[in-house]
Amino acid sequence: MNKNGKTNIGVVFGGRSVENEISVITAIQAMEAVDKEKYDVTPIYISKQGRWYTGEALRHSENYKDMERLFASCTEVYMRPVYGDNRLYKVKRNIFCTDVAAEIDVILPALHGTNCEDGSVQGAFEMTGVPYAGCNVLASANGMDKITMKMILAQSGIPVVDYVWLTDKEWYDRQQQVVERVENRLGYPVIVKPADSGSSVGIEAVHDREHLVEAIENAAAYSKRIIVEHLVERLREINCSVLGDYYECEASVCEAPVRSGEILSYQDKYLGGGGTKGAKHGGTKSQGMRSTVREIPARLPQQTTDLIRTTAVETFKTLGCDGVARIDFMIDEASDKVYVNEINTIPGSLSFYLWEASGVSFDRLIDRLVDIALRRSREASFKITSYKENIFNYSLGGGTKGAKA
């Protein structure tokens, strides 16, 4: 806590990810929503090259048009991998000034995609012991990888569509066998996805063998693991957010995003249905997931709404999540079956629009995320991580070379 009595939130965003720009939008929205009476905010931007920066200029989206100028106005920083050290340090400093750029009380990750949402950054926070909002390393990794996620959910009785998975090396070595496996198991149409990418990047709907080959080649450019799923043709997509921890959590209202094609594309999500200026938003610039054309609450039979909200909570708990997540569902309107498509452990815009529609304001959502992060950190401090006894003070019975000698 700062001298002024406020908790300092370090909002971390950007990253070595194809979703870097979307992360910037999420972070700026969150920083604008923070209750300034309760919190100070330190923006921490991770560049596409993996360098960390802080500075007030990072709060304004127009500054990201000229990255060199932006970096020149900011301070490059780093965190030491020392447990209990929650400070940001300057890479370069004046000899007469302190090398501490800021002291962080809690981290709010606003990162999306590979190297960010997959447990990588969460591991760094665990090493330093700084409290952080959202899912831990395990839940983040399992939630990010669509193959692992589906394996866990299916084993737990949560419905997912049929799929085939492969690696890029398997594809390059045994292409014909992979194609036959997809055709024999799933047939057409199918949908091809990189296993650990988000924002619909690298995803294609496929209706024949020639396109299947092209789509897998494209997905392999983004990930070493690829998943091919049965394509639900009479599809209705429904999203639901969950807030809380793995023990106690609640579901938001449901939304129905509007797509322009067979899949919900990057343009649908972030550019208002495919227009470069947000077609349904009066020509405004992209506002992250706020730009998506959506129906909130989704017009569904009450029984279907209840099923989706219950399954969202089960999915959240099964994967051991914390904080806020968004679970994306598919309804096969030919059979009325409901399937979990994927989970977003750090959802675009932190799903604030779903929580506002559920009666939780954006500033209160951040309050809840901070509270959950600090509680998890306190609870973790009571767990045993090492023994006080030093085994080297005891005879090992094997001489100086150790027991196996």
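Predicted model: local features only at pLDDT ≥ 70, side-chain atom pairs only at ≥ 80, totals over all residues.

Trainee: What is the mean pLDDT of the chain?

Mentor: The mean pLDDT is 90, and 88% of the residues reach 70 or more. Over residues 273-284, however, the pLDDT is below 50, although that stretch has 21 contacts in the model beyond near neighbours in sequence.

Trainee: Now the inside. Which residues have the most contacts within the largest nonpolar core?

Mentor: That core has 40 residues, and those with the most contacts inside it are Val 11, Phe 13, Leu 350 and Leu 365. Elements that give two or more residues to this core include β1 (7-14), α1 (20-33), β2 (39-46) and α12 (362-381), and α12 gives the most, with seven residues. There is also a second, separate core of 28 residues, which includes Ala 251, Ile 327, Val 340 and Ile 343.

Trainee: Going back to Phe 13, what is it in contact with?

Mentor: Leaving aside neighbours within four places in sequence, the contacts of Phe 13 include Ser 23, Val 24, Ala 27 and Met 31, as well as Pro 43, Ile 44, Tyr 45 and Ile 46. Ala 110 is another residue in contact with Phe 13.

Trainee: Where is Ala 110 found?

Mentor: Ala 110 is in the loop between β7 and α3, and it counts as buried because its relative accessibility is 0%. In sequence Ala 110 and Val 12 are 98 residues apart, yet their C-alpha atoms are 5.8 Å apart in space. Not counting residues up to four places away in sequence, Ala 110 touches Val 11, Val 12 and Phe 13, and also Ser 23, Thr 26, Ala 27 and Ile 346.

Trainee: What does the length of α8 agree with?

Mentor: At 1.5 Å a residue, the twelve residues of α8 (residues 209-220) should span 16 Å, and the end C-alpha atoms are 17 Å apart, which agrees.

Trainee: What about α4, what does that one pack against?

Mentor: The buried residues of α4 pack against α3 (120-128), α5 (146-155) and β16 (337-344); among them are Ala 139, Ser 140 and Met 144. At the start of α4, a side-chain oxygen of Asn 136 reaches to within 3.3 Å of the backbone nitrogen of Leu 138. Asn 136 is also in contact with Arg 376, whose place is in helix α12.

Trainee: Is Arg 376 buried or exposed?

Mentor: Arg 376 counts as buried, because its relative accessibility is 18% and the cut-off for buried is under 20%. Beyond neighbours within four places in sequence, its contacts include Tyr 132, Cys 135 and Asp 322.

Trainee: Last one: where are the cis peptide bonds?

Mentor: One joins Tyr 188 and Pro 189, with omega about 5°, and another joins Ile 296 and Pro 297, with omega about -10°. Pro 189 is in the loop between α7 and β9, while Pro 297 is in the loop between β14 (294-295) and α10 (302-318).

Trainee: Which residues have a positive phi although they are not glycine?

Mentor: Leu 350 has a positive phi of about 55°, and Ser 351 has one of about 55°. Most residues other than glycine have a negative phi, and most peptide bonds are trans. Leu 350 lies in the loop between β16 and α11, and it counts as buried at 2% relative accessibility. Ser 351 is found in the loop between β16 and α11 and counts as buried at 0%.

Conventions:
Residues numbered from 1 in each chain as written. Heavy atoms only, no water. Core = buried A, V, L, I, M, F, W, Y, C linked by side-chain atoms within 4.5 Å. Buried < 20%, exposed > 50% of the residue type's maximum accessible area, 1.4 Å probe, protein only. Helix = DSSP H or I, 4+ residues; strand = E, 2+ residues; numbered from the N terminus. Contact = heavy atoms within 4.5 Å. pLDDT = per-residue confidence, 0-100. Expected span 1.5 Å × (residues − 1). Polar contact = N/O pair within 3.5 Å; in protein donor to acceptor, adjacent residues only side chain to side chain.
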